[in-house]
Every structure is written in C-alpha cells, then in structure tokens.
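Here's a quick briefing to get you started. Have a look at the model first, then read on.

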Amino acid sequence: MRGGGAPRIVVGISGASGAAIGCRVVERLADCGAEVDLVVSDAGRRTLAAEIGPGALAALAARAARRHGIREIGAGIASGSVPVAGMIVAPCSMRTLAAIAHSLADNLLVRAADVRLKERQPLVLVAREAPLHLGHLRAMAAVTEMGAIVMPPVPAFYLRPASVAEIVDQIAARAIDLLRVFPAAARAWEPEASARP
Ligand SMILES: Cc1cc2nc3c(=O)[nH]c(=O)nc-3n(C[C@H](O)[C@H](O)[C@H](O)COP(=O)(O)O)c2cc1C
C-alpha cells in the first residue's frame, strides 16, 4: 500500500442475501483500525432493511470512515490515484458480479471494484446465489482470471458453529484474511482438538 497510516479498505454491500456478512466485515475492519469506505447499492439498502432492520444502514455507516452514495462516481475510491489497500464486496449479487466481470462501471461500487482490478489490488467477492447457472459460473471464472477472489459465503461446518452469528463472523473474518492486509483472524481447522468420533 502507498502512503502511511491506517489501511484504507473499500466495502461494497450489494443486494444479495446475507447483508449481515457485510455488516460484520465493516465492524471487524473498524476494530482492526482500518479506514473503511462504504458503498451500498440500492438493492443492498433494501436487503439491509429487510434482513436486519430499518436502522441497519445508519448503524453501519457510523463504523465507516466514509460513506459514499452509489451514484457518487467522482469519489476518491473511483480513482486509482487514491491509495487503497483492497476491497471486499459482501454480499456480492450476481448482477454486481456480472457488472464487475464486464467492467460495466456505471455505479460507484462496480467502478471501485474495477479500479482495484486495474491497480492489481486485492478484491474479494462474497458472491451469493443458489443454485448457480452457467452465466453465474462464467462471471466467476472471468473475475478470477482478472485477479479477484470469489469467496461464496459457505459455512465452515467443520468448526461446528453454534449459531448463525458464528457462521457470519467466520465468513467475515475469512474474507478479511484474504486481503492479506491484517494478521489472519479467522478460526482455523484444528485436527487434534476436533478428533472426536
Ligand atoms: C430479499 C432479497 C434477496 C435477494 N437475494 C439475492 C441473492 O442472494 N443473490 C443475488 O444475486 N440476488 C439477490 N437478490 C436480487 C438482487 O437484489 C437484484 O438482482 C438487484 O438488482 C441487485 O442489484 P445490485 O447488484 O446493484 O445490488 C435479492 C433481492 C432481494 C429483495
């Protein structure tokens, strides 16, 4: 990363199910001392309200250093000249995934992701849909070829999570670990501890 100070990380929340993952990513990054630039799509605002509650976006914005409107295409995160350490889109809808795969940078979330790719910075896409058709899979292959990491929000069943909150937390921690900006924080598989019949 260029420049000193706290690493600047962009978090995009699009309109796939799993808004809680985006919230946990922002909370964890803020707790790590990152400067979070938050951008939420129109559908993301809707899923935040539907899945968490009407005050979710305001609570989330309070943990971010900056919150940008989805149409604010002139924001700093839309330019490769502004130092950014990486970006996570959590959750990433199939629409946003496809737009990133084709550089259709007509909103700030997709433009910020496109800039991470062109600047060869880490981009983690917590792509959520089930089941997947060939178009989804092709878009995943395309962004992977361009350097992004596709990380579906799959529970780590081997850790025997006791609650949905634990599953969400583990997924958020793994997504952040994939940026390789902070020391690894996700729970790891411990074969000895888990060697129960
Ligand atoms: C409650 C709800 C859940 C949704 N879940 C998903 C999902 O899991 N994956 C997905 O790709 N789209 C999902 N959608 C549809 C997207 O929100 C829709 O395609 C939207 O246009 C995405 O726009 P965005 O990519 O700009 O956020 C969901 C929509 C709603 C209202």
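Which of the 14 residues around the ligand come nearest? They are Gly15, Ser41, Ser93, Thr96 and Arg128, where a residue counts as being around the ligand if one of its heavy atoms lies within 4 Å of it. Keep in mind that this is a predicted model, in which local features need pLDDT of at least 70 and side-chain atom pairs count only at pLDDT 80 or more, while totals for chains, interfaces and linings use all residues. Residues are numbered from 1 along each chain as its sequence is written, and side-chain values use heavy atoms, with hydrogens and water left out.

**Around the ligand**

- The shell is made up of 3 nonpolar, 7 polar and 4 charged residues; here Ala, Val, Leu, Ile, Met, Phe, Trp, Tyr, Cys and Pro count as nonpolar, Asp, Glu, Lys and Arg as charged, and the others, Gly among them, as polar.
- Helix H2 (42–51) and helix H4 (94–101) each supply at least two residues of that shell; helices are DSSP runs of H or I with at least four residues, strands are runs of E with at least two, and both are numbered from the N terminus.
- Threonine 96 has a side-chain N or O atom 2.5 Å from an oxygen atom of the ligand.
- On its own the ligand has 640 Å² of accessible area, and the protein covers 68% of that (areas come from the Shrake-Rupley method with a 1.4 Å probe, and for residues only the protein chains shown count as cover).

**Arginine 8**

- You'll find arginine 8 in strand S1 (residues 8–13).
- Its relative accessibility is 14%, so arginine 8 counts as buried (buried means under 20%, exposed over 50%, and partly exposed in between, with a 1.4 Å probe and protein chains only).

**Out in the open**

- Alanine 62 sits in helix H3 (residues 56–63) and is exposed, because its relative accessible area is 63%.
- Between alanine 62 and glutamate 27 there are 9.9 Å in space, C-alpha to C-alpha, though they are 35 residues apart in sequence.
- Leucine 132 belongs to the loop between strand S5 (123–127) and helix H6 (134–145), and counts as partly exposed because its relative accessibility is 37%.

Conventions:
A polar contact is a pair of N or O atoms within 3.5 Å; within protein, one must be able to donate a hydrogen and the other to accept it, and residues adjacent in sequence count only if both atoms are side-chain atoms.
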